[in-house]
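This report walks through selected features of one protein chain.

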Amino acid sequence: MAINDKAYSQQIKLEALRLGFSGCRIARISPIYKEREYFRRWLSLGYQGEMHYLENHFEKRFNPSFLVDGARSAIVVALNYYPKRMQNEDSPQIAYYAYGKDYHEIVKEKLKRLLLYIDESITPVSGRYFCDSAPVLERYWAQRSGLGWIGKNGLLLLPGKGSYFFLGILFVDIELAEDSPLRERCGTCNRCIEACPTRALRSPYVMDARKCLSYMTIEYHGALPEDFKSFAGNRVYGCDECQKVCPWNRFASPCNEPGFEPSDCFLSLDKKAMLAMTEEEFNLVFRHSAVKRTKYSGWRRNIKAL
C-alpha cells in the first residue's frame with residue numbers, strides 16, 4: 001500500500017514524541033547486503049560466545065518481510081534512559097539501562113500505542129513492533145533512518161544527545177516518506193576502544209562479545225575468570241565504560257520516563273546487602289528489572305567474584 005506522504009510521516013513523528021520517545025525517523029525497507037555478510041563473518045569468528053540465539057533465524061534478520069508480510073517502511077524510535085539519580089560509586093555497579101523497569105515492556109507498550117494511532121488516525125495499517133525481542137537489526141535501521149550513526153563501540157549515537165537510548169522498531173506495510181542517513185561523526189576519536197576494560201573492542205566497530213563485561217556478567221553462564229576483579233573493578237551487572245568516555249555523551253540529559261527511575265531500595269544496595277540477598281529478595285527487588293535476566297545464580301556468581 002503506497003502512501004509516500006510527508007504529512008503522514010510528520011504526523012507519526014509528532015505522535016512518537018507525544019508518547020515520550022526522544023526521537024523518531026523513517027527508513028524505506030530495501031535489501032540488506034553488506035551487513036548480512038559482515039554478520040555472517042562475525043558469527044564465524046565465534047564472537048557471539050554462548051549467545052547461540054544470534055545464529056537462529058538468520059534470513060529473518062535481513063528481510064523484514066519474513067516478520068511483517070509486505071513490509072514497506074521501518075519507523076525507528078529512541079527512548080532516553082540516562083538516570084537522574086545514580087548509585088553510590090562504592091557500591092557494586094549496575095549498568096544504567098537496568099536501573100529502572102525492564103525496557104522491553106515500556107518501549108513495546110509505547111510502540112503498541114503508536115501503531116494503534118497510525119491505524120486509527122492516519123490510515124489502515126498492518127505491522128509489528130519490536131524492541132530487542134526478535135531477529136531485527138535495530139541499529140542498522142536506526143542508522144538507515146537518520147536517527148543517528150553507529151559509533152566505534154557499536155552503539156547508536158544520536159547527534160547532540162549521545163548513546164543512552166533504547167531503540168524500538170515498527171515494521172509497517174505502508175510506504176512512508178523516508179529520512180536521510182547521517183554521516184559518521186566519530187572522526188579520529190578512539191576513546192571507547194582505549195577505555196574498554198577487557199579490550200573487547202578489537203578494532204573500530206568490531207566487538208568480541210566473549211570479552212565484554214556485559215556478556216560475562218549477563219549472558220555467560222560459566223565460571224568467571226580468576227582475575228575477573230582485576231578488570232571488572234566493582235561492576236556486577238553490565239558495563240557502561242565505552243559510553244562514559246564518549247565525548248558525545250557530554251550532551252546526555254536525564255530521562256523523563258518515570259518507569260526508568262531507580263527506586264530508593266535499589267540505590268541503597270551496597271555489597272553487603274547484595275551478598276546477603278536471598279533468591280526471594282532478588283526476585284522481589286528485580287521483578288520488573290532487566291537484572292532478572294542474569295538469574296539469581298548468575299547474580300551470586302558475579303557478586304562473589306568482586
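## I75 and the nonpolar core

In this predicted model, and with residues up to four places away in sequence not counted, I75 touches I12, C24, R25, I26, L114, I118, G168, I169, L170, V172 and L176. I75 also belongs to the largest nonpolar core, which holds 99 residues, and is one of the members that touch the most others, together with I94, Y97, I118, W141, F171 and W299. The largest share of this core, 9 residues, is contributed by helix 4, residues 103-122. As a general background, nonpolar side chains in soluble globular proteins tend to be buried together.

## The open sheet and the helix across it

Four strands, in the order 1-2-7-4, make up an open sheet with antiparallel pairing. Its edges are strand 1 (23-28) and strand 4 (127-130), each of which pairs on one side only. On average, and with direction ignored, neighbouring strands of this sheet are turned by 20 degrees against each other.

Strand 4 is joined to strand 7 (residues 165-172) over 4 bridges in the antiparallel sense, and Y129 stands opposite L170 in strand 7. Helix 4 lies across strand 2 (73-80), strand 4 and strand 7, and its direction makes an angle of about 35 degrees with strand 7.

## Helix 5, an enclosed helix

Helix 5 (residues 138-145) lies across strand 1, strand 2 and strand 7, running at about 90 degrees to strand 1. Because 6 of its 8 residues are buried, helix 5 is largely enclosed by the rest of the structure. The buried residues are E138, Y140, W141, A142, R144 and S145, and W141 is also among the core members that touch the most others.

The cover over these buried residues includes strand 1, helix 2 (34-44), strand 2, strand 5 (149-150), strand 6 (156-157) and strand 7. Just after helix 5 comes G146, which takes a positive phi of about 85 degrees.

## N249, a buried loop residue

N249 is placed in the loop between helix 9 (241-244) and helix 10 (264-267). With a relative accessible area of 10%, N249 falls under the 20% limit and therefore counts as buried. Leaving aside neighbours within four places in sequence, N249 is in contact with K161, G162, S163, Y164 and Q243. For S163, the backbone nitrogen lies 2.8 Å from a polar atom of the N249 side chain.

S268 is found in the loop between helix 10 and helix 11 (271-276). A polar atom of the S268 side chain lies 2.7 Å from the backbone oxygen of C265. Although S268 and N88 are 180 residues apart along the chain, their C-alpha atoms are separated by 8.2 Å.

Most residues other than glycine have a negative phi. R199, which is not a glycine, has a positive phi of about 60 degrees, and R199 is located in the loop between helix 6 (191-195) and strand 8 (201-203).

Y205, likewise not a glycine, has a positive phi of about 75 degrees and lies in the loop between strand 8 and strand 9 (206-207). The relative accessible area of Y205 is 36%, so this residue is partly exposed.

Note on methods:
Residues are numbered from 1 along each chain as its sequence is written. This is a predicted model: local features need pLDDT of at least 70, side-chain atom pairs count only at pLDDT 80 or more; totals for chains, interfaces and linings use all residues. Side-chain values use heavy atoms; hydrogens and water are left out. Helices (H or I, at least four residues) and strands (E, at least two) are DSSP runs, numbered from the N terminus. Buried means under 20% relative accessible area, exposed over 50%, partly exposed in between (1.4 Å probe, protein chains only). A polar contact is a pair of N or O atoms within 3.5 Å; within protein, one must be able to donate a hydrogen and the other to accept it, and residues adjacent in sequence count only if both atoms are side-chain atoms. Contact means heavy atoms within 4.5 Å. A nonpolar core is a set of buried Ala, Val, Leu, Ile, Met, Phe, Trp, Tyr and Cys residues joined through side-chain atoms within 4.5 Å. Two strands pair if DSSP finds at least two bridges between them. Axes are lines fitted to C-alpha atoms, for helices over the stretch in contact, and angles run from 0 to 180 degrees between N-to-C directions.
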